[in-house]
Amino acid sequence: MNQRHRQTAGKAWIPLAFLAAYLLAFFVLPVGKMLIAGFANEEHQLASGSIAIFLDNPLYIESLLNSVMVALGASVLAALAAVPIAVTLWRFRLQPPLILELFGFLPLFVPPFMLSLSLQSLLGRGGALGMVLQTVGDLDPALWGLPGMMVIEAIHYFPLVLVTLVLNTASFAQQAHEAARLGNSWSRLITRVFLPLGFPGLAFGMAITFLKTLDDLATPLSLGITNLIAPQAFFRVSTYGSQDPLSSLMAVAMIAISIVVWIVSSGFVRHGAIDWNPASGGRTLAIQPAHRRIGMLCLAGISAFYITCYSGMILNSLAGIWSHTPLPESYVLSHYASALESETGSFINTLVYCGLAAILDVVIGLAMARAIEHSPPRWNKALSWGAAALLSVPGVALAIAYLQFFQGTQLPLLGQPLDATWFLLPMAFSVRGLPFAMRACAFALQSLPAPYVEAASLSGASRLSIGLRVILPMMAFGLTVAFLICFGIAAVDLSSAMLLVPSETDAPVSYSIYLHMQTSTGRGTGSALAILTIGFVALAMSAFVLAARRGWNPASSFRRIMFPGTPTR
Amino acid sequence: MRSLACLFCALALALPPTGGWAAEVVLVASSFPKEILSAYKKAFDEQSAEYRVEFVNFPATNAISYVRDRTPGSRPDVFWGSSPDTFSALKRLGLLQPLDGFGNADIPPIIGKLAIDDPEHFHRGQALSGYGIMWNKRYLDARGIPVPAAWSDLARPEYFGHIVMSSASRSSTTHLIVESILQGAGWDAGWALILQIAGNCATITERSFDVPNSITRGRFGLGPVVDFLALSGKYSGFPVDFTYAWPSVITPVGIGLINGARNPEGGKAFIAFTLSEAGQRLLLRPEISRLPVLPKVYETADRPADYPDLFDITRSYLPAYAPEVSESRYQMVGALFDQSVTFRHSELVAITRTIHEVAKRLQSQPDADAAALLDKARALVYRAPIAENDDLLARKPLKTRERIAAIAAREAEWARQTDRNLAAARSWLAQANDRLGRRP
């Protein structure tokens with residue numbers, strides 16, 4: 001026993017060293033070098049030169065303020081829309097079907113610039129609603145300026161805010177009804193029960209909306225908005241190269257804002273564990289048909305709204321000639337054919353990059369979650385949120401840090417500069433997904449009761465078989481969730497991809513869509529590609545729901561531990 | 001540990017994400033749209049057993065730093081683009097290899113007044129590009145807007161809010177048009193015109209291709225483009241048309257072999273293919289619609305009836321464009337454009353709207369003082385951001401942090417100056433409006 005312990009201790013440093021090397025090479029050193037580049041002069045002394053220039057330029061101050069304002073506006077708007085609907089669903093005890101709940105996470109898997117381009121087709125002067133309503137005024141979102149971007153981001157992230165809110169409150173809807181029957185007024189229940197319960201979820205959803213909007217590059221560029229900090233940094237890097245000290249400063253400013261937002265939201269998220277597990281909550285009280293109808297109407301209304309928003313893109317993907325007429329003159333399927341023909345490569349690229357990133361995330365997220373779990377309890381929360389805050393580096397900032405840090409690094413075997421290969425993309429994606437991976441992995445760890453492991457090891461099972469037969473089955477659900485989340489986040493990460501993609505053939509699908517949307521003859525192929533991607537994500541989610549419903553019952557893994565004799569398969 | 005092993009397996013399996021290693025890769029850096037690149041990739045890969053081509057696609061404005069920042073032996077093999085300035089810079093920096101004893105003998109070295117190849121053979125002409133204005137016929141008809149003929153037409157009030165253009169720092173096409181206006185009309189008058197056109201723009205797009213894209217769809221009415229983007233829309237059946245506007249520029253599309261290429265032989269094979277009859281014929285496809293430099297190709301019947309004629313276009317060419325002038329101040333003109341147009345576009349549009357309104361009121365009720373205020377405001381708003389002889393426009397090594405910081409300091413100065421100018425112009429326009437308002 002003693003020997004075994006020593007053996008374990010001897011081996012434990014290997015994963016730790018791996019973890020440390022990864023964090024050092026792909027996070028600490030690049031970001032550290034960027035910090036130095038922002039604040040030091042050529043002789044590596046602390047200098048305020050670039051800070052003075054940054055503060056001296058009204059454009060940069062304005063961009064910084066605009067970025068914060070748009071991000072804040074988007075998250076507040078999304079929350080304002082989500083709260084009444086969540087209250088309605090809660091009041092009528094209507095839990096949306098699992099698939100709709102999962103679709104609430106769709107905003108994390110679809111880049112928001114698609115919505116912006118779809119609305120341009122729908123509301124622009126060239127066709128559809130925008131043309132019909134031209135007499136009322138210009139509806140083209142590119143002409144709305146910053147409020148336009150705010151609204152688009154709010155529409156995009158609204159389902160996420162709604163779903164986190166619903167998941168956090170749903171399990172207490174039953175008790176609330178009991179309380180209401182005992183004479184408590186609904187307004188009192190909403191302020192005393194719903195809001196306190198829902199607040200962690202709301203804060204989480206709003207924080208994600210804020211951070212994603214702050215970091216968004218493709219959406220403002222598609223709208224022609226440049227007075228934001230992310231596009232400013234992007235323009236500077238593309239004009240002056242990655243050694244530009246001001247873009248480092250902009251990246252540092254973005255990191256600082258992100259950290260503040262994480263810390264503020266962590267203050268609200270007291271028990272942040274979102275109720276991922278679909279099997280929770282039983283219903284005993286019957287729901288009145290009228291209430292069900294109102295709730296369903298709500299959900300149907302939301303669905304219809306989103307289909308309308310994306311109809312511009314759907315029409316584009318099917319349109320032959322569509323120029324300054326309300327509807328296309330002809331419909332073709334050739335855009336889908338050409339998307340499939342020319343872009344299978346970018347689908348494969350996405351699978352490879354995001355798959356790699358997500359595997360890394362799960363492995364590292366698990367290691368970090370475990371390390372945090374084993375730290376003293378009072379440090380627990382501070383550590384986990386601290387790590388998450390540090391890791392929530394905006395994509396633009398991380399890409400700039402990588403470009404600076406890896407510039408000139410040659411790849412040993414291929415004889416290519418590192419930044420000319422696709423290698424940095426999955427690395428950047430994995431760092432970006434890590435905060436989410438940590439939360440999901442921490443959840444997975446929570447579903448692993450220590451007594452079972454102890455019991456198994458006392459009964460003489462080997463470490464390998466404990467891992468395979470106890471730990472893995474019990475954590476499978478959580479780890480799959482972690483993998484899917486990280487994969488999805490990587491798949492839409494255009495902010496870092498736009499700066500790091502080495503060549504068009506190495507582009508992930510989200511960037512290919514962005515490029516295809518800007519070809520000279522319409523947006524057919526890009527739209528078709530976007531629809532295919534959304535379809536693929538929706539299909540993957542539905543498959544996940546089916547798998548979770550069928551046999552993937554956590555109960556079966558319990559049985560295996562209770563009765564060690566039963567075969568694993 | 002198992003996961004670690006899995007990770008390495010996945011890494012090993014995933015190394016070539018697309019394609020195989022069978023054929024040697026030719027890496028071509030280009031700013032062309034996907035339609036052209038995919039057509040050439042397909043045709044080249046089919047006819048070559050030895051090589052397959054891959055493209056790095058980015059705005060030509062970034063080409064120089066992209067090539068220079070890589071060590072010899074790890075650079076792309078070929079650069080292919082429409083911007084003569086980029087070729088001028090690549091040649092000056094020693095980033096191109098001469099292509100002697102190479103090319104298609106049937107391509108004339110000079111067409112009309114235009115030299116197709118580089119005199120020292122550092123790059124070859126592969127096609128021609130002309131620059132002009134594209135418009136959507138339905139859009140203009142629906143609003144009763146006349147078709148423009150010259151760049152200066154775009155500054156007229158009837159085009160306010162209907163023009164779309166890209167940024168000179170992000171689009172080499174826009175950069176070339178901006179430079180041709182600056183060289184054709186002179187620095188000060190040129191900037192005045194550019195700023196007025198920009199004030200008439202509905203939006204400034206991030207990539208060149210979004211300009212023809214939003215015109216073909218009828219989202220906006222008209223804009224400055226390179227001919228083939230307009231023609232490909234026209235020959236694909238969209239209600240759009242195009243004119244070579246004055247001061248017009250025709251430039252050869254260049255292709256050159258990079259000095260320090262990874263695969264120079266493959267690069268030569270690709271260049272030879274683009275100059276061959278098969279490679280030239282690809283240019284006539286409706287979705288590409290470029291002007292080939294091989295005259296023989298025009299004789300074939302597989303092009304639309306009103307396709308531009310090679311000798312007609314080169315006859316009308318105004319040989320005023322000096323690529324070496326443009327190249328020497330390339331980055332700064334882009335930066336100036338961004339500072340005074342891209343980043344200040346909403347302010348520029350707002351004040352241009354007021355200027356048009358005051359001018360219109362003045363037509364119906366003339367007033368000398370208000371007219372003087374309007375002229376003063378116009379002069380200030382549409383003023384060249386810096387003087388042509390400014391030290392910043394002289395060619396200097398750009399990459400040092402010191403120099404970047406110096407430029408950034410000047411940019412901060414312009415930003416504040418622009419804000420002050422706009423505030424002053426706004427108050428003058430308000431005064432002019434007051435004067436006109438007081439009259440019955």
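Reader: Helices (H or I, at least four residues) and strands (E, at least two) are DSSP runs, numbered from the N terminus; with that in mind, where is the place of A:His324?

Author: A:His324 is in the loop between helix 14 and helix 15 (334-373) of chain A. This is a predicted model, in which local features need pLDDT of at least 70 and side-chain atom pairs count only at pLDDT 80 or more, while totals for chains, interfaces and linings use all residues. Residues are numbered from 1 along each chain as its sequence is written, and chains are lettered from A and ligands numbered from 1 in the order in which they are written.

Reader: What is phi of A:His324 near?

Author: It is near 60°, a positive value in a residue other than glycine. Most residues other than glycine have a negative phi.

Reader: Is A:His324 buried or exposed?

Author: A:His324 is buried, because 24 other C-beta atoms lie within 10 Å; a residue counts as buried at 20 or more such atoms within 10 Å of its own C-beta, as exposed at 12 or fewer, and as partly exposed in between, with C-beta atoms placed from the backbone.

Reader: And which loop holds B:His121?

Author: B:His121 lies in the loop between strand 6 (114-115) and strand 7 (124-136) of chain B, and its phi, near 65°, is also positive. B:His121 is partly exposed, because it has 17 other C-beta atoms within 10 Å.

Reader: Back to helix 14 of chain A: where is its kink centred?

Author: The kink, of about 45°, is centred on A:Tyr310 in this helix, residues 289-318; the bend at a residue is the angle between axes fitted to the seven residues ending there and the seven starting there. A:Tyr310 is among the buried residues of the helix, which include A:Gly295 and A:Met313.

Reader: Switching topic, how many residues of chain B are in contact with chain A?

Author: There are 68, in contact with 64 residues of chain A, where contact requires C-beta atoms, placed from the backbone, to lie within 7 Å. Helix 18 (residues 401-438) of chain B supplies the largest share of the chain B side, 11 residues.

Reader: How many bridges join strand 1 to strand 2 in chain B?

Author: Strand 1 (residues 24-30) and strand 2 of chain B run parallel and are joined by 7 bridges, and two strands pair if DSSP finds at least two bridges between them. Within strand 2 of chain B, B:Arg52 is the bridge partner of B:Val25. Strand 2, residues 51-57 of chain B, is mostly covered, with 5 of its 7 residues buried.

Note on methods: Contact = placed C-beta atoms within 7 Å.
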